[in-house]
Amino acid sequence: KVDKMASLYNIHVRTGCFCNTGACQMHLGISNEDIQRNLQAGHVCGDDIDLVDGRPTGSVRISFGYMSSFEDAQTFLKFIIATRLSKSDTEIPFQSSVTKLMTESVPDDHPSFNNADKVSPIPHISDRELRNNLSATKMTVNWQPPEAEAESIRAAVSKTAVPTCRRGGKPITVTNIYLYPIKSCSAFEVTEWPVGNQGLLYDRNWMVVNQNGVCMTQKQEPRLCLVNPSIDLKKKVMVIQAEGMDPISVSLEENTGREAVICESKVCSHRVKTYDCGERIADWFSLFLGRPCRLIRQSSDEKNRSHQKNTKGLASATNISLSLVNEAQYLLINVASILQLKEHVSARLEEPLEIEELIRRFRANIVISAPESFEEEEWAEISIGALQFQVVGPCSRCQIICIDQQSGERNKEFLQSLSAARGKKTNFGIYLMNQPLQSSFPDILLVGSQVLPVLKENTEIQSPTSSEEKCSG
């Protein structure tokens with residue numbers, strides 16, 4: 001989480017044990033037994049498990065070297081103030097110190113202070129002030145929220161996480177369905193759509209790669225969100241449009257001819273077999289993005305990408321097949337959770353936000369209308385019509401939610417607001433894997449379908465038969 005927030009400020013940090021388990025043990029006071037328990041909990045080098053039983057498995061290191069400047073230190077200090085301290089923390093006494101200009105202790109001919117247009121006023125903190133202020137704010141600079149804040153967060157979550165009633169019997173329903181035919185490009189909204197063995201049919205079957213064959217995402221190229229693919233199942237084509245460009249179409253039929261160039265690509269460290277979609281479409285993307293790139297498609301000849309996470313036997317019991325997604329076949333978000341976050345973001349930006357804009361930023365496949373915010377995080381399984389899904393886990397968000405999906409503009413406030421609203425975490429939405437049913441019903445996902453969740457305690461939430469009937473939850 002710290003690494004994701006630091007990336008908003010163009011800061012690269014190292015996290016974990018820095019390839020030195022012994023020093024990590026000594027620094028954090030981890031025993032050999034703790035190391036064994038962490039391994040049994042699934043913790044390995046390079047993963048995102050930063051806490052096991054509430055204790056850290058590593059640390060965060062910010063390194064300064066020969067090429068580092070004082071401005072780099074100032075940038076890091078601003079990052080700490082903006083993301084790790086609450087508003088009240090930065091008012092007293094820490095903020096009063098960091099706003100003092102450094103001109104009283106730095107010579108006028110110092111090269112960093114001659115150009116006022118390039119360098120903002122640099123604060124000065126004396127050693128004594130720094131020691132005093134750090135001791136005064138020790139609890140708030142910690143990577144966990146203060147206990148009072150944490151308690152209020154826990155109370156808010158516990159109040160909404162396990163609902164006791166369906167508010168007058170109103171069922172949970174699917175409100176929107178989105179697929180993303182080209183990875184990191186715009187969403188294609190539908191009201192009903194076939195479900196395949198990798199998720200929604202044609203969801204993330206294509207991706208744009210640079211001249212070295214490396215996958216391009218909105219992190220490196222925000223203008224990808226301005227590329228609008230749509231799929232015509234009857235004509236068996238995908239039509240790609242973008243402002244200022246002539247529409248171009250790609251056949252949904254796999255190119256199995258000799259001209260198809262089979263190549264190996266990587267998606268989140270997983271190797272996938274793909275084939276190139278040709279020069280015509282490569283020229284289209286290169287012209288629009290202003291850099292050499294190509295469109296490639298996942299090959300159906302590829303062996304299934306097996307999901308590696310521990311999902312209560314789902315991955316081990318069945319060979320779960322993934323498209324070019326990062327984590328799981330589906331991503332689900334709840335409108336109630338969006339509404340709660342909308343209040344936080346609007347307050348910080350001091351301007352109203354459209355809920356549709358936020359929904360698009362989170363790039364979900366399935367949007368539902370559960371009555372309570374974040375109750376979806378307490379679900380173990382859900383069924384939608386004849387389809388069954390198992391919850392893999394929460395989606396930890398990155399800086400892509402900072403990109404306006406209509407304009408391509410960045411605003412780091414969105415990830416910061418999410419972190420502040422969720423107690424320094426960046427989870428939003430849940431990942432799902434499909435559990436095929438032995439049923440005669442067609443595998444179609446429909447807007448308006450009822451969603452029946454099962455809590456992690458394996459207690460099914462049933463809708464009451466009337467608005468007067470209470471449900472146990």
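**Close-ups of a predicted model**

**View 1. Helix H12 meets helix H14.** The axes of helix H12 (residues 335-349) and helix H14 (residues 413-421) come within 9 Å and cross at roughly 125°. That makes H12 oblique to H14 (angles under 35 degrees count as roughly parallel, over 145 as roughly antiparallel, 65 to 115 as roughly perpendicular and the rest as oblique). Here, H12 brings Leu341, His344, Val345, Arg348 and Leu349 to the contact, while H14 brings Glu413, Phe414, Gln416, Ser417, Leu418, Ala420 and Ala421 (contact means heavy atoms within 4.5 Å). Sorted by type, the contact residues are seven nonpolar, three polar and two charged.

Some ground rules: this is a predicted model, where local features need pLDDT of at least 70 and side-chain atom pairs count only at pLDDT 80 or more, though totals for chains, interfaces and linings use all residues. Residues are numbered from 1 along each chain as its sequence is written, and side-chain values use heavy atoms, leaving out hydrogens and water.

View 2. Look for Ala82 in helix H4 (residues 70-84). Ala82 is partly exposed, with a relative accessible area of 31% (buried means under 20%, exposed over 50%, partly exposed in between, with a 1.4 Å probe and protein chains only). Leaving aside residues up to four places away in sequence, Ala82 touches Tyr9, Arg348 and Gln416.

**View 3. An open sheet of three strands.** The strand order is S8-S7-S21, with antiparallel pairing (two strands pair if DSSP finds at least two bridges between them). Strands S8 (199-200) and S21 (444-446) are the edges, each pairing on one side only. Strand S7 (residues 192-196) pairs with S21 over three bridges, and Glu192 stands opposite Leu446 in S21.

Technical notes
Helix = DSSP H or I, 4+ residues; strand = E, 2+ residues; numbered from the N terminus. Axes fitted to C-alpha atoms, helices over the stretch in contact; angles between N-to-C directions. Nonpolar A, V, L, I, M, F, W, Y, C, P; charged D, E, K, R; others polar.
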